[in-house]
Amino acid sequence: LEIDRVKSYEKVIEVINVAKNQPGGTIVIDSITDFYEYCQAYAKVKFLHIDPNDKLQYQFYWKYINSAYNNAIVKLMKSKLNVVLCARTKEEYAGPTPTGKFVPAWQKRTKFWCDLVLYNTIQTGGTENPTFMSEIIKSRGYKSLIGKKFINLNYVKLVELIKSVELTKNA
């Protein structure tokens, strides 16, 4: 299956432009990893006029890719929506050495825009009857939640959990 990443970027932007004006609700971007790849293809074709699979000739060309990504995400973050970003993971490295720690595969500044970051893994059951483990690895304003783990956490349970803890002052 061949995906046109440039058209996919444009479709996501259309949705964001409609969603950003909604009075409330929730939008889920699944996955933000894919969206960042779409941004890369879009910027290469539309701004740099190169093939989306070509490597960048100069390091400073990343500003075009990051601009395409940042502009979209900032629109969402400024909206009245609850924004849920799902990301694939990648192993973190210390220089050339893998650390064994897995982090979201997204544009590196994304984590600073998020109020809450969950790390979800499938614990048991395989594809037939999976059990998911969710660990809160970042929680702005609710520091007591950091490091807590939950089995089969869903959006409703997460909202209840957040409402049940006291907001941390100056967090």
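This is a predicted model: local features need pLDDT of at least 70, side-chain atom pairs count only at pLDDT 80 or more; totals for chains, interfaces and linings use all residues.
Residues are numbered from 1 along each chain as its sequence is written, and side-chain values use heavy atoms, leaving out hydrogens and water.

Rings of Phe, Tyr and Trp (its six-membered ring) pair if their centres lie within 6.5 Å; planes under 30 degrees apart are stacked, over 60 edge-to-face and the rest tilted. The count by this rule is 11 aromatic pairs. In one of them, Y58 and F60 are stacked because their ring centres are 5.4 Å apart and their planes lie at 10 degrees. Y58 itself is partly exposed, at 39% relative accessibility.

Y69 and W113 are stacked too, with 6.4 Å from centre to centre and 20 degrees between the planes. Since Y69 belongs to helix 3 (residues 62-78) and W113 to helix 4 (residues 110-113), this pair ties together parts 44 residues apart in sequence. Y69, at 0% relative accessibility, counts as buried. Ring pairs link a cluster whose members include Y9, F35, Y69 and W113.

## Helix 1 against helix 3

Helices (H or I, at least four residues) and strands (E, at least two) are DSSP runs, numbered from the N terminus. Helix 1 (residues 5-19) and helix 3 have axes that come within 10 Å and cross at roughly 25 degrees; axes are lines fitted to C-alpha atoms, for helices over the stretch in contact, with angles from 0 to 180 degrees between N-to-C directions. That makes the two helices roughly parallel (under 35 degrees; over 145 is roughly antiparallel, 65 to 115 roughly perpendicular and the rest oblique).

Where do they meet? Y9, I13, I16 and N17 in helix 1 meet A68, A72, K75 and L76 in helix 3, with contact meaning heavy atoms within 4.5 Å.

## The strand hairpin

Strand 3 (residues 89-94) and strand 4 (residues 97-104) run antiparallel, joined by five bridges; strands pair if DSSP finds at least two bridges between them. They form a hairpin with two residues between them, and G95 in the turn has a positive phi of about 65 degrees. A94 stands opposite T97 in strand 4.

K90 lies in strand 3 and is partly exposed at 43% relative accessibility.

Definitions and conventions:
Buried means under 20% relative accessible area, exposed over 50%, partly exposed in between (1.4 Å probe, protein chains only).
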